[in-house]
Amino acid sequence: MSPGPIQASCPACGAPVTFKTGSSIVVVCEFCHSVVARGDRALEDLGKVAEIIQTGSPLQVGLRGVYQRVPFELTGRAQLGHEAGGVWDEWYAAFSDGRWGWLAEAQGRFYMTFQEDLPEQALIPTFDALELGQPVAAIRSSVPLMVAEKGEASAIAAEGEIPYKLIPGESHYYADLSGPQGVFATLDYSESPPLIFVGREVQFSELGFPPTVVAPEREARRVSALQLSCPQCGGPLELRAPDRTERVTCPNCGSLLDVNQGRLEFLKALEPPRVQPVIPIGATGELFGAQFVMIGFVQRSMEYEGIRYYWEEYLLYNTQVGFRWLVRSDDNWSFVETVPPGEVVEKRSYPPKKGDTAIYRGERYKLYQDTVARVELVLGEFYWKVEAGELVRATDYIHPPRMLSKEVSAFTPSDAPETEATEWQPKKKRQRRKVQRAVETGEINWSLGTYVKPKDVERAFNISGLPRPSKIGWNQPFPHKAIYKYWLWLLLATLAVSIIIFATSSPRLVLEQDYQINPGANENNPQAIFIEGINLEPRKNIRMVFSSNVNNSWVGVAGGLINEATDEAQPFSTDVEYYYGVEDGESWSEGSKESDVYLSAVEGGTYMLQLEVAGDKLQQSSTLHVRVEQGVPRLLHLFVALLIISIIPIIVAIYQFSFEKRRWEDSDYSPFSS
């Protein structure tokens, strides 16, 4: 900071001008709007600038704030014009530590940047060599930055003190870069090599301005509509976002009008609209916690396999949060807000193919569509100079209920061939490059759409009768997905109960005894065994285990468990067989010397076990070991329980497969296609 102001006379009108900041280069005369630069010996008149366009900014020259604990003062402002229309403010902040900060304000967003020196041996691409989406890693190696916009800016108006030699009307090329976590940078090609400004997007609350910055009367002026008359038909119209609007259509004669500081200029007459918005212009509604007014309506289209498909976009405005969109496609709705391009990591190929993805905040989105979108119809007011026929390259990725969309808009020189300027060829890499060589400037915009049910739109805007969807929306969530959560909880609960049962159960041994088997016992002459006095408890299952010392033979056991009081019996049968040998030099075996039988729980009481035993090739030493237990847990019961609770989720999963297949039927990148 300079120890004191420097006063002089304006070389154009003689009025006093003051350089309050020692490191400022020019000052704008408050009386004649001349840009006065100080040189080694005398002041220099660089020309006159226009008066500041009232953009509704809450900032003003002389305002003091604190950013990252360092005080600063706004000493000046330049208003820069974009070649596609629109104006943004660039404020200059003199920090108490001697630095200059560039505070850009556009569409209600703020970006604080500081000039940085080029890294040693850094190779910054020339402006012509830059491509949208191209990574520029030489600026900050730790933070990847990508080219989000290429443009040409013109100095339109200015006020106060400015830290560089601003020449009125002079134009220069620039490139805006975007990175993760709000990192933002600008390459200024007014010099060679280009100047580099690096910082981040900031919230207004981070700038430490006094709470009285946005005065009530100022805020009231910003939010109130502006009543005007159409220059073509004289009919009344109102601007609902007068500080942001660039284009508006007259509701009386349908003329497309250009907006300049609240003054309307006739551009051309539009054909009567073929469709009308289902949400009236001027309607207010609350969505996602904010109150919006619907100020603009756009119908767009795309061509797919020779057929043109149409959808509608409704521009919403809120003075605090800015602009949002409601998009209606096949009667499905999405609430759309912009996201910084640097926050998205796109993993795609050229030409695009199935499996290409984009990642945003840890979520992976699948490529659904890559096409050219054309504006068919405009109604209302808009924050850019929109008109019918405008084209953008549109790429959509889905992760229901969200959809991530990229739009690449291109501005071409007036003498460029129309086919090169307007046609994109996404399926042929060579032609795509040919188009891009004809494009001098352009920008990438990313947006995030969240699915909204038609009934929620009706409730928000107090309307009724919206058509219900006839097709699955691209980002429409599967309505029964919650059942999988409950299914998982049931699975875990069932497994937990089963583990507890298996861990705490202690089967009761009822009987264990060996019986000699007659070698002559066979199927025609089985050996009978009777075991009496077996005491069984109620409500407990029964497991009977039979084992025998068979070798290359078998023993069959058939019989019944008989209640001695009622003579009711539970029949059963099982085989114990074991064979082994050597074949082609390799040993083999099959079967087991043990077999078990489970019986359901019986009434408590005394039972008799009746067995009929038969075998083949039995020896004199053949025995039958019998073991009876009660209260034995079974894995089969667990499997049956899991199957029962899984029946409905399995049916839902089959339905979801059909649902997803129908979702992707209009996409060239369907995971269900070969």
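I began with D584, which lies in the loop between β35 (569-583) and β36. The model I am reading is a predicted one. D584 has a phi near 55°, a positive value in a residue other than glycine. Is D584 buried or exposed? I noted D584 as exposed, because its relative accessible area is 74% and the cut-off for exposed is over 50%.

I then looked for another positive phi and stopped at K617. Phi of K617 is near 55°, and this residue too is something other than glycine. I found K617 in the loop between β38 and β39 (623-630). K617 counts as exposed because its relative accessibility is 61%.

Next I turned to the sheet. What is the order of its strands? I read it as β32-β38-β34-β35-β36, an open sheet of 5 strands with antiparallel pairing. At the edges I found β32 (527-536) and β36 (586-592), each of which pairs on one side only. From one strand to the next, the twist averages 15°.

How many bridges join β34 and β38? I noted 10 bridges between β34 (residues 553-563) and β38 (residues 605-616), in the antiparallel sense. Across this pair, A558 stands opposite E612 in β38.

I moved on to the cis peptide bonds. One runs from Y350 to P351, with omega near 0°. I placed P351 in the loop between β25 and β26. Another cis bond runs from P400 to P401, where omega is near 10°. P401 sits in the loop between β28 (391-399) and β29 (402-411).

R348 is buried: I noted a relative accessible area of 16%, and buried means under 20%. Which side chain does R348 meet in a polar contact of 3.2 Å? I traced the contact to the side chain of D370.

My last entry concerns a nonpolar surface patch. Which residues make it? I listed L488, W489, L492, L495 and I499, with an area of about 540 Å² for the patch. I looked up L488 on its own and found it in helix α5 (residues 482-504). L488 counts as partly exposed, because its relative accessibility is 47% and that class lies between the cut-offs of 20% and 50%.

Note on methods
Residues numbered from 1 in each chain as written. Predicted model: local features only at pLDDT ≥ 70, side-chain atom pairs only at ≥ 80, totals over all residues. Heavy atoms only, no water. Patch = residues over 30% accessible without salt bridge, like charges linked within 9 Å, V, L, I, M, F, W, Y side chains within 5 Å. Areas by Shrake-Rupley, 256 points an atom, 1.4 Å probe, with all protein chains shown as cover. Salt bridge = Lys/Arg side-chain N within 4 Å of Asp/Glu carboxyl O. Helix = DSSP H or I, 4+ residues; strand = E, 2+ residues; numbered from the N terminus. Buried < 20%, exposed > 50% of the residue type's maximum accessible area, 1.4 Å probe, protein only. Pairing = 2+ DSSP bridges. Axes fitted to C-alpha atoms, helices over the stretch in contact; angles between N-to-C directions. Polar contact = N/O pair within 3.5 Å; in protein donor to acceptor, adjacent residues only side chain to side chain.
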